[in-house]
Amino acid sequence: MNTSDKLLVAMQNEATKIAEDRLNRPLAKGLKEKICLPRWSYMGLEMIIDTVRTIEIDDLERYLSELDK
């Protein structure tokens, strides 16, 4: 795995970890898959990380479920 792939995976894992920590439970497999879509650039993943860090908890799962729309 090259360095850029490692960074993408690390960012995907960070977004997932933040969301799970905020929800206080594991994410459903489908929601994790949406975070790990191959279409997200570094900037896209950074925006996802920022959003899952700051969005209202009540809106977090809905936000994640709409990522691929």
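**Salt bridges and their surroundings**

Begin by selecting arginine 25, which counts as partly exposed at 36% relative accessibility (partly exposed lies between buried, under 20% relative accessible area, and exposed, over 50%, with a 1.4 Å probe and protein chains only). This is a predicted model, in which local features need pLDDT of at least 70 and side-chain atom pairs count only at pLDDT 80 or more, while totals for chains, interfaces and linings use all residues. Residues are numbered from 1 along each chain as its sequence is written, and side-chain values use heavy atoms, with hydrogens and water left out.

Because glutamate 61 lies in helix α4 (residues 57-65) and arginine 25 in the loop between α1 and α2, the pair ties together parts 36 residues apart in sequence; helices are DSSP runs (H or I, at least four residues), numbered from the N terminus.

Next select Glu14, Asp50 and Arg53, which are linked in a network of salt bridges. Arginine 53 and aspartate 50 both lie in helix α3, 3 residues apart, about one turn of the helix, and their side chains meet at 3.9 Å, N to O.

Finally, go to glutamine 12 in helix α1 (residues 3-23), which is buried at 12% relative accessibility. Leaving aside neighbours within four places in sequence, glutamine 12 is in contact with Ile35, Cys36, Leu37 and Leu45 (contact being heavy atoms within 4.5 Å).

Key: Helix = DSSP H or I, 4+ residues; strand = E, 2+ residues; numbered from the N terminus. Salt bridge = Lys/Arg side-chain N within 4 Å of Asp/Glu carboxyl O.
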